[in-house]
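Here is a briefing on one chain. Look over the sequence and the model, then read on.

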Amino acid sequence: MHLLNLGILAHVDAGKTSLTERLLHSAGVIEEIGSVDDGSTRTDTLALERQRGITIKSAVVSFPVDDVTVNLIDTPGHPDFIAEVERVLGVLDGAVLVVSAVEGVQPQTRVLMRTLQRLRIPTLLFVNKIDRRGARHDELLREISDRLRAAVVPMGSIEDIGTPAAGFLPGLDPGAAAVLADHDDALLAAYVENTVSYDLLRTALAAQTHQALVHPVYLGSAITGAGVDALITGIKELLPAAEGDPQGPLSGTVFKVERGPAGEKVAYARMFSGTLRTRDRITFGDAGEEGKVTAISVFDHGTDIGTDSVPAGRIGRLWGLGEIRIGHAIGAPRKVYEHFFAPPTLETVVVPGPDADRRALHLALTRLAEQDPLIGLRHDEVRQETAVSLYGEVQKEVIQATLADEFGVHVTFRETTPLCIERPVGTGAAAEFIKKDENPFLATVGLRIDPAPVGSGVRFALEVELGAMPYAFFKAVEDTVRETLGQGLHGWRVTDCVVTMTRSGYWPRQSHAHQGFDKSMSSTGADFRALTPLVLVEALRRAGSQVHEPMHRFRVEAPADTLGALLPVLAAVRAVPGTTETQGPLCVLEGVVPAAQVHGLERQLPGLTRGEGEWESAFDHYAPVAHGTVPERARTDHNPLNRKEYLLNVTRRVG
C-alpha cells in the first residue's frame, strides 16, 4: 500500500476546509458533507473553530484513493496561525494550495507558495469557487503565474463559469508542452520537431511535479464537486508517495501535541524511518529525554484506530511521552527543526479577570504554549504578570476565547506592543574572582561579549582550557549566559553576539577532617550560575547595546488616484516607501514599516482607498530605534543590573 501525507493550504476563506469535506465524501469516507457555516465539518473539531468558521489547529484525517492511503492535513488559513502551518510543512510529501476564483491570489497565498517552493514540496493548485458570480479563469491563471512566480500547467478547461452549473473538463492544456520543455531537453527536442506525444507529456509532467518545478492547476468547486474527481486523480498520479524504510533506524518528527480527555499528552508524529511499537522505550529531543510509548493509533478511512505499531511513512498518535514537545525528533534526528516563517513580533500582558484563579491561568497558558512553541510565555514573579507573544489581534481574541471556553478562565489584555531585541554595539569584558572584590561566590568567571553578524544568534566560546575545571561548571556558565541574554540592558532579548569565557577558577571538593562534603569550602554549579549574570551584564554594560524594533516589508496595491491620501498616512507612522510602480489604474507601493503600526494601517486602508486597497506585509528585519524614547521592558529576573538588589535576591546578603 502506498502512503501520501498531503497538506491542504490556502488563504482564509478560500474554501480549504470545504474542499477537505468534499474529498472525504468523494472517497466514500463520509456520507454527508459537513458545512463550515453550520460547524459540522470533520476537521474543525474545536468549539471555537465551529463558532468562528475558521481553522485554528491543524487536523489529520485519512482517505483511500484506490491503492493509495492519503493522510490529509487541514491547516489554518489565517496569517495569525502561520505557526500551525509551519509545523506541518516538515512532514508533507505533497500539498494542494487552494485559491479562490473570485478573490484570486491573496497576500497569504504568496507567503505560502514562496515557502512551498523554497522547501521544494510538490504542489498542486486548486482554483475553488468557479460556481460563484465573479469567478475568473484566464485572467486568474495569468495572475497565479505572475504573482506567485510559478510555472503552472492548467489540467483542463471550464464551462459555464460563474454559474451553479460550472463544470471542469479534464485534459492537458495545449500550452503544457512549452512550459514543461523548459526543464526537459528531450521534450524540448520533440517540441521543436513537433513530435510530442501525450505519454511523453504526462511522464514529464509527473517528473517535474515531483521535483516542484511545475504546478498542475485544477479548477472546480468544493460545494458542487466540480473538478474534485480530477483533483483526486492528480493527487494519486502526480504527487510522490511517502518514502522510508520500515526496517531502518528509528527516526520521526513530532509536529503536533494535544491533550486527551484525561489531560494526558498526545503527540502526532510522522515516521521517516523504522517502525515504532507500543512499549518501546525511545529517546527524543535535543537533551535525549527518554520515554515509553504506552499506546499508538494511526489514521485510516476517516478516523484513527488503535494499533501496535506505526511504520515509516505513516503518521501516528503516541501516548505516554510526558516530556515530548513539538519539533522533537524521535530516535535519530532527520534534520534540525527549523522555522520557515518569522517568529512573533508582538507581545501583550494577560490580565486575569476579577474572579480568575492565577494558578489555573498559569496552567492554562502553559498548556497553550506547549501546543504552540512559537507562542512564548514570559512570567514576571515580582508583578505576578504573564506576557504572551503574538502574531496578531485575531490570535489574541482566540487565546481569550480558548481560555474562557476550555479552561474557564476569563482574561483581558493590555495594549499589544512590538517585541524588540538588543544587539551589542561594541566589545566589553568583565571578570570576578573568588574571594576578591566582594564576590560572595566560590567561582571565578571572566566573560567578553563581541558583536556578531546579523542573524547569527548567540555563540558561546572558550579562551580557557576545557580541563581547567569540571565540565559541569563550564556548562553551568554557558547555560546561564544564554538565559541571562534573554533580558539585556533595556530588558529585551540580546542576540547576534559571541560571548567568550576568558577566566575560570574554582575550589575543589573539600571536607573537614572526619566529616563529609563541606559546601562552604567547595565550589558548586550554583556558584557559577549565580555569579555569571553579574559578570555578563557588566561586560554588556561596557560594550553597550542598542534596541532594535521589528520592521515589516509591505506591499500595498491601490487605485493610483488614492496615493495622495495614502502617502501622508504612511509617513506619519514612519513607513519608508521603497518602489512605486503604476499598473494601469492601479499603483503598487512597496517599502518597510514598524511592526507596531501594521495593524492600524490595515484598519485605515479601506477608508483611504475606497475599499479597493490590498495590503500585504511580513516581518523583514530589525532596525535600530531611531525616533522617540528607547523602549524599555520590565525585567522578570533578579536584576543583575543592580548588584545590591541581585545579591539580596540570590544570596540574602549584601555584597
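Where is glycine 15 found? Glycine 15 sits in the loop between strand S1 (2-10) and helix H1 (16-26). This is a predicted model: local features need pLDDT of at least 70, side-chain atom pairs count only at pLDDT 80 or more, and totals for chains, interfaces and linings use all residues. Residues are numbered from 1 along each chain as its sequence is written, and side-chain values use heavy atoms, with hydrogens and water left out.

**The chain overall**

- The chain has 16 helices and 34 strands. Helices (H or I, at least four residues) and strands (E, at least two) are DSSP runs, numbered from the N terminus.
- Of the 655 residues in the chain, 53% are buried. Buried means under 20% relative accessible area, exposed over 50%, and partly exposed in between (1.4 Å probe, protein chains only).
- Take the contacts between residues at least 6 apart in sequence: 72% of them join residues at least 24 apart. Contact means heavy atoms within 4.5 Å.

**Glycine 15**

- Glycine 15 counts as buried because its relative accessible area is 14%.
- Leaving aside neighbours within four places in sequence, glycine 15 is in contact with Asn128, Lys129 and Ala222.
- The C-alpha atoms of glycine 15 and valine 99 are separated by 8.2 Å. These two residues are 84 residues apart along the chain.

**Arginine 270**

- Arginine 270 belongs to strand S11 (residues 265-273).
- Its relative accessible area is 2%, so arginine 270 is buried.
- The side chain of arginine 270 makes a polar contact with the side chain of aspartate 93, at 3.3 Å. A polar contact is a pair of N or O atoms within 3.5 Å; within protein, one must be able to donate a hydrogen and the other to accept it, and residues adjacent in sequence count only if both atoms are side-chain atoms.
- Beyond four places in sequence, the contacts of arginine 270 include Asn5, Val91, Leu92, Asp93, Glu243 and Arg314.

**Around helix H7**

- Aspartate 182 lies in the loop between helix H6 (176-181) and H7. Aspartate 182 counts as exposed because its relative accessibility is 63%.
- Aspartate 184 caps the N-terminal end of helix H7 (residues 185-192). A side-chain oxygen of aspartate 184 lies 3.0 Å from the backbone nitrogen of alanine 186.
- Asparagine 194 follows H7 and has a positive phi, near 60 degrees.

**Positive phi in loops and a hairpin**

- Arginine 149 is not a glycine, yet its phi is positive, near 50 degrees. Arginine 149 lies in the loop between helix H5 (138-147) and strand S6 (152-154). With a relative accessible area of 75%, arginine 149 is exposed.
- Alanine 212 also has a positive phi, about 60 degrees. Its place is the loop between helix H8 (198-210) and strand S9 (215-219). Alanine 212 is buried, at 10% relative accessibility.
- Strands S15 (residues 295-300) and S16 (residues 303-307) run antiparallel and are joined by 5 bridges. Two strands pair if DSSP finds at least two bridges between them.
- Isoleucine 296 has threonine 307 in S16 as its bridge partner.
- S15 and S16 form a hairpin with 2 residues between them. Histidine 301 in the turn has a positive phi of about 50 degrees.

**Cavity and pocket**

- On a 1 Å grid over the protein atoms alone, a cavity is a set of points where a 1.4 Å probe fits but cannot get out. A pocket is an open set with protein on both sides within 12 Å along at least five of seven lines, and lining residues have an atom within 4 Å of a point.
- Grid points are joined across faces, edges and corners, and a volume is the space filled by probe spheres set on the points.
- The count is 1 cavity of 30 Å³ or more. The largest cavity has a volume of about 30 Å³.
- Leu566, Leu570, Leu601, Leu605, Leu608 and Trp615 line the largest cavity. H15 gives the largest share of this lining, 3 residues.
- The second largest pocket has a volume of about 1100 Å³. Of its 38 lining residues, the closest to its centre are Pro343, Pro344, Leu419, Ile421 and Arg493.
- S34 gives the most to the lining of the second largest pocket, with 4 residues.
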